Amino acid sequence: MSLSHSGCRSLAAAVLTGLALFAAPTVTALAAEPSQVAAPAKRAAIVKRDDLAIHYDIVGDLKSAKAPLLVLHGAYMSADTMAAIVDRFARTRPVIVLDQRGHGRTGDGPGPITYEALADDAAAVLDAAGVKQADVFGYSMGGGAAIQLAIRHPAKVAKLVSASAGTRLDAAYKEVLAGIGHITPAVFDNTPIRKEYDRLAPRREDFPVLVEKLKVLDATPFDWGSGMKALKHKTMIVMGDYDIMGPEHGVEMFRMRGGGAPALAAQGFLSAPPPARLLVLPGTSHIGIMAEAETVVAATVPFLDDATPPMPAGFF
């Protein structure tokens, strides 16, 4: 298949993660919302690992009664571009958000970008922050890293939230994978993604390296089904009904984690927090997930709080 430069740009815009976070309406809506609580303090830090200086931010007080939440961004994003998610979660709990390897202020490091390396980086950040265990929210590439963090470092994870990420490569639509294969650095010329990379990266000239490493990541087969099934963590799956994979894979992941048990469903109501939750947003694409920050956070907070779903009035 051959694509023109403009066709490749359009295809990339359809399949790349995180672009919606740069849209002004989402940020403006967040800033305009009234709040009775002052914004929590934020401090930046660095942890060295394998010749890589991983930058991360701590938002709020890690000594609070609430379990901290680790947030992992998607491909071509950064800690800064997760603001719509981070700021909302930070109203209820301390948050740690990092620039993953190859991205943001962390920049490129030795070797490829793999989900395993991203998970180990996240574990190193938790150690450096003095956090023995955290809830984890990962989006897209970050969702894969979150799953791997739970598999590779289970004691460090309390609850797991995976948004727009699958447990195997072939769960993604073949059209999506084909489109990613045609991405070039030039696709990003004069885009918010490239401008943000240039603003944050230690070496702006490393952008083509990031593109190539992410293309390799997105072409490398994986299957984490057995590892996902073996997890002990309560898990929430978030996706759009027009995500990069079909909603049936979200249901498959939900059932891997004990979701939808017939015995619980037969009760007609839930009398205790369920082991797994599934959120499928209607009319929502992979990138569109990040334009629904308010909905995603509002649905996720009760999961993180281990809240029992409420009973409606007038039934019993």
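User: At 19% relative accessibility, does Asp 198 count as buried or exposed?

Analyst: Buried means under 20% relative accessible area, exposed over 50%, and partly exposed in between (1.4 Å probe, protein chains only). At 19%, Asp 198 therefore counts as buried. This is a predicted model, where local features need pLDDT of at least 70, side-chain atom pairs count only at pLDDT 80 or more, and totals for chains, interfaces and linings use all residues. Residues are numbered from 1 along each chain as its sequence is written, and side-chain values use heavy atoms, leaving out hydrogens and water.

User: With which residue does Asp 198 form a salt bridge?

Analyst: Side chains of opposite charge can pair when their charged atoms come close. A salt bridge is a side-chain nitrogen of Lys or Arg within 4 Å of a carboxyl oxygen of Asp or Glu. Asp 198 pairs with Arg 204, with closest N and O atoms 3.5 Å apart. The count by this rule is 21 salt bridges.

User: Which parts does the salt bridge of Lys 66 and Asp 305 tie together?

Analyst: The closest N and O atoms of Lys 66 and Asp 305 are 2.7 Å apart. Helices (H or I, at least four residues) and strands (E, at least two) are DSSP runs, numbered from the N terminus. Lys 66 lies in the loop between S2 and strand S3 (69-72) and Asp 305 in the segment after helix H12 (293-304), so the pair ties together parts 239 residues apart in sequence. Lys 66 is partly exposed at 34%, and Asp 305 is partly exposed at 33%.

User: How many residues of strand S2 are buried?

Analyst: In S2 (residues 52-59), six of the eight residues are buried.
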